[in-house]
Amino acid sequence: AAAPSVAKITEQDVLNRIGVGAVPSVETAAVVVRKRANAPVSGITTPSGFGANWGTVFIGSGYKDNLAPNPWLGSNNPLLANTAGFGLGAGFGLGNSRDLVGLETSYSTSSNGGGPDGSTPLGLFSRGAVNFKLHKQFGDNVAIAAGWENAIKNGYAGNDQTVRDTFYGVLTGVLPVSDTNNFTASVGIGNGRFRQISDIVGDRDKTSFFGSLGFRISENIGLVTDYNGRNFSVGLPINFRLSDSIGVQVTPAILDVAGDKISGEVSRFGIGGGVGFRF
């Protein structure tokens, strides 16, 4: 004989009989949390391939002075006089280096005490210059840039040789180690302020290589050294965020580790700081 059939009652059948109707469906949406970018470690006196894009504004300042004179020069040597200097800068970004290209535009001004090259002592806002950097980013970890420093000058005498138009090109790569650690390397070529000592003293318009190496120790602390064509510097970038759209960086550094014959064969202490705003 055939086995008796057994009616299969589902949960929905029970709900229908008591008047509940269809079981409501629940859609789950995935929440994507984008981690903070593993930011590159920029050079101290050299540029990098990364730059500011549209919606970014920044301001910065710096101070430097000799650490200690070379005893062989003597305490009254004019190379050791008027060594302190201050600087200010501000800029903004245009375009988008990820989609096409970005253009970073900035204005910088500095004071001096006369200096060993005989230039006239000037106050902080006595002269300044506009600078441009065109940059392109490839993914998160590679960027290139071409720059023109001192493109538009104000306050400089026509025969003032203390500032030159500087053209450069630079490539920067970032090697992530973890979410908060990375190695950053930059290499470039330029004239103007990137020239070797002999070319600066001889007033020759030559080009020279420059570069930097950096390591992000943690999310907030880095270590960087750079060579700007004539001397080496070492610094400790310290950065932190005031909010999702405001970042701060302070970099104490030893400049001209091996000495600089233009400013005296001495090393200098420098400290720079900046604030970036993203709108």
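# Notebook: salt bridges and strands in a predicted model

I counted five salt bridges in the structure; the term means a side-chain nitrogen of Lys or Arg within 4 Å of a carboxyl oxygen of Asp or Glu. This is a predicted model, where local features need pLDDT of at least 70 and side-chain atom pairs count only at pLDDT 80 or more, while totals for chains, interfaces and linings use all residues. Residues are numbered from 1 along each chain as its sequence is written, and side-chain values use heavy atoms, with hydrogens and water left out.

**Entry 1: overall figures.** I looked up the confidence first. The mean pLDDT of the protein is 81, and 72% of the residues score at least 70; pLDDT is the predictor's confidence in each residue, from 0 to 100. Residues 25–35 are one of them, with one contact beyond four places in sequence. Residues 70–80 also stay under 50, but there the model has 14 such contacts. Contact means heavy atoms within 4.5 Å. I then read off two helices and 13 strands. These are DSSP runs numbered from the N terminus, helices being H or I of at least four residues and strands E of at least two. Of the 279 residues, 33% are buried. I use buried for under 20% relative accessible area, exposed for over 50%, and partly exposed for in between (1.4 Å probe, protein chains only).

Entry 2: I followed the pairing here. Strands count as paired if DSSP finds at least two bridges between them. β5 (residues 142–154) and β6 (residues 166–176) run antiparallel over eight bridges. Trp-148 has Phe-167 in β6 as its bridge partner. β6 also pairs with β7 (residues 182–190), antiparallel, through nine bridges. Thr-172 stands opposite Ser-186 in β7. Five residues separate β6 and β7 in their hairpin.

**Entry 3: Gly-147.** Is Gly-147 buried or exposed? It is buried, at 7% relative accessible area, and it sits in strand β5. Beyond its neighbours within four places in sequence, Gly-147 touches Phe-132, Lys-133, Thr-166, Phe-167 and Tyr-168. I also checked Leu-103. Its C-alpha is 9.5 Å from that of Gly-147, across 44 residues of sequence.

**Entry 4: charged pairs.** Which residue forms a salt bridge with Glu-149? I found Arg-193, with the closest N and O atoms 2.6 Å apart. Glu-149 lies in strand β5 and Arg-193 in the loop between β7 and α2 (197–201), so the pair ties together parts 44 residues apart in sequence. Glu-149 is buried at 14% relative accessibility, whereas Arg-193 is partly exposed at 32%.

Next I took Lys-153 and Asp-165, which meet in a salt bridge of 2.7 Å, N to O. Lys-153 belongs to strand β5 and Asp-165 to the loop between β5 and β6, so this pair ties together parts twelve residues apart in sequence. Lys-153 is partly exposed at 38%, and Asp-165 is partly exposed at 28%.

Arg-204 and Asp-199 make another salt bridge, with their closest N and O atoms 3.1 Å apart. Arg-204 is partly exposed at 36%; Asp-199 is buried at 10%.

**Entry 5: Asp-256.** Where is Asp-256 found? I located Asp-256 in the loop between β12 (246–255) and β13 (268–278). Asp-256 is buried at 2% relative accessibility. A polar contact of 2.5 Å joins its side chain to that of Arg-268. By polar contact I mean a pair of N or O atoms within 3.5 Å; within protein, one must be able to donate a hydrogen and the other to accept it, and residues adjacent in sequence count only if both atoms are side-chain atoms.
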